[in-house]
Amino acid sequence: LEFEIPFTFTSGNVGCFFWSHDIGGHAGPRIEEAYARWAQFGAMSAALRSHSTRNAQLDRRPWTYEKDIENSLRVSFHLRSKLFPYIYSSVRQSHRESIPLTRAMYLEHPDEEAAYRNPQQYYFGDNLLVAPIVSPGAGMIKLSRQYVWFPTGKWYNWFTGEEHSGPKEILVTSSIDEFPLFARGGVPIPMQPYQPRMATAPLRNLIIRVYPGPDNQPGQYTLYEDDGVTQDYKKGRFSTTEMMYLRKGSKVTVTVHPATGTFVGQLNERSYTVEFPCAAIL
């Protein structure tokens, strides 16, 4: 697993943007904690795809594992579903702009020496920073650790809300239900309620999560949508929605512009839920 992290984002350097893995490892002994940590990595990569050889001891069905591991796997699978509007939009960016989905830090920060010295982490799209846990944890909650380098800006722990201002490098600890995942402050992140069929379920409730950003510095993100089934997007049948964020002191404004473009099955209306985690620190 430790090897796969830099292997995946360096594959992106040569145009293999959507490399996927046999989550849990293809063969070998059944290590329950390792499967949970693999799934966390898979949730923040091109494909969360469990797989193994034909061996009853390598059964990858989550409900056959110890309860704490099953719960951890549920967190990873549900998180990926909730983040799918962001993931789908990021994949569209990769397709249009030839930018890796799992992105080496030095691609965004070529002049920063630290960007080359931290192969344990990567960008997932533009606004999520991931440093998967790759070592066994300790105690009942299997607490493990990973080094994380934060570039300039404000970064927020997805699970705890803890704020970090870069540039700096710290040691982050995570229980079996968490992993080092950080959101860039000041940028709208499109989400959805959990959906078992996340790629094709209509986006009836768009959740926009925005962590606090720098004062008077606008942030922007573009949601991409198509029918999720056909290749009609190649014929221009898709839609984009611009989302803007601006903070002036304690006043925060989030603007959602009308959708541009159409596709078969597009919704005529939807509800919006805007989340402001960590707003109390403003």
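Reply: Happy to. Let's begin with helices α2 and α3, which pack at an angle of about 5 degrees with their axes 9 Å apart. Axes here are lines fitted to C-alpha atoms, for helices over the stretch in contact, and angles run from 0 to 180 degrees between N-to-C directions. Helices (H or I, at least four residues) and strands (E, at least two) are DSSP runs, numbered from the N terminus. The angle makes α2 roughly parallel to α3; angles under 35 degrees count as roughly parallel, over 145 as roughly antiparallel, 65 to 115 as roughly perpendicular and the rest as oblique.

A word on the source: this is a predicted model, in which local features need pLDDT of at least 70 and side-chain atom pairs count only at pLDDT 80 or more, while totals for chains, interfaces and linings use all residues. Residues are numbered from 1 along each chain as its sequence is written, and side-chain values use heavy atoms, with hydrogens and water left out.

Back to the pair. On the α2 side, the contact is made by Glu-32, Glu-33, Tyr-35, Ala-36, Ala-39, Gln-40, Gly-42 and Ala-43. They meet Ile-69, Ser-72, Leu-73, Ser-76 and Arg-80 of α3, where contact means heavy atoms within 4.5 Å. By type, the residues of this contact divide into 6 nonpolar, 4 polar and 3 charged. For that count, Ala, Val, Leu, Ile, Met, Phe, Trp, Tyr, Cys and Pro are nonpolar, Asp, Glu, Lys and Arg are charged, and the others, Gly among them, are polar.

Between α2 and α3 (67-82) runs a loop, and Ala-56 has its place there. At 67% relative accessibility, Ala-56 counts as exposed: buried means under 20% relative accessible area, exposed over 50%, and partly exposed in between (1.4 Å probe, protein chains only). The C-alpha atoms of Ala-56 and Pro-190 are separated by 39 Å, and these two residues are 134 apart along the chain.

Now follow α3 to its other helix partner, α4 (residues 84-97): the two axes come within 5 Å and cross at roughly 60 degrees. That makes α3 oblique to α4. Here Arg-80, Ser-81 and Lys-82 in α3 meet Phe-84, Pro-85 and Ile-87 in α4. The residues of this contact divide into 3 nonpolar, 1 polar and 2 charged. Leaving aside neighbours within four places in sequence, Ser-89 is in contact with Tyr-221, Thr-222, Leu-223 and Tyr-224.

Next, the nonpolar interior. In soluble globular proteins, nonpolar side chains tend to be buried together. The largest nonpolar core in this model has 45 residues, and those with the most contacts inside it are Met-44, Leu-83, Phe-124, Leu-128 and Trp-158. A nonpolar core is a set of buried Ala, Val, Leu, Ile, Met, Phe, Trp, Tyr and Cys residues joined through side-chain atoms within 4.5 Å. Leu-83 touches Met-44, Leu-128, Trp-158, Ile-189, Pro-190 and Met-191, not counting residues up to four places away in sequence. A second, separate core of 12 residues includes Ala-114, Tyr-123, Trp-149 and Val-172.

To finish, look at the sheets. An open sheet of 6 strands has the order β1-β2-β3-β6-β4-β5, with antiparallel pairing; two strands pair if DSSP finds at least two bridges between them. β1 (102-103) and β5 stand at the edges, each with a single partner strand, so one side of each has no neighbour in the sheet. Strand β4 (residues 144-157) pairs with β5 (residues 163-174) over 11 bridges. Arg-145 stands opposite Thr-173 in β5, and the partner of Lys-154 is Ser-165. The two strands form a hairpin with 5 residues between them, and Gly-161 in the turn has a positive phi of about 80 degrees. Gly-166 lies in β5 and is buried, at 19% relative accessible area.

Another open sheet has 3 strands in the order β7-β8-β12, with mixed pairing. Its neighbouring strands are turned by 25 degrees against each other on average, direction ignored. Within it, β8 (residues 205-209) and β12 run parallel, joined by 5 bridges, and Ile-207 has Thr-273 as its bridge partner in β12.
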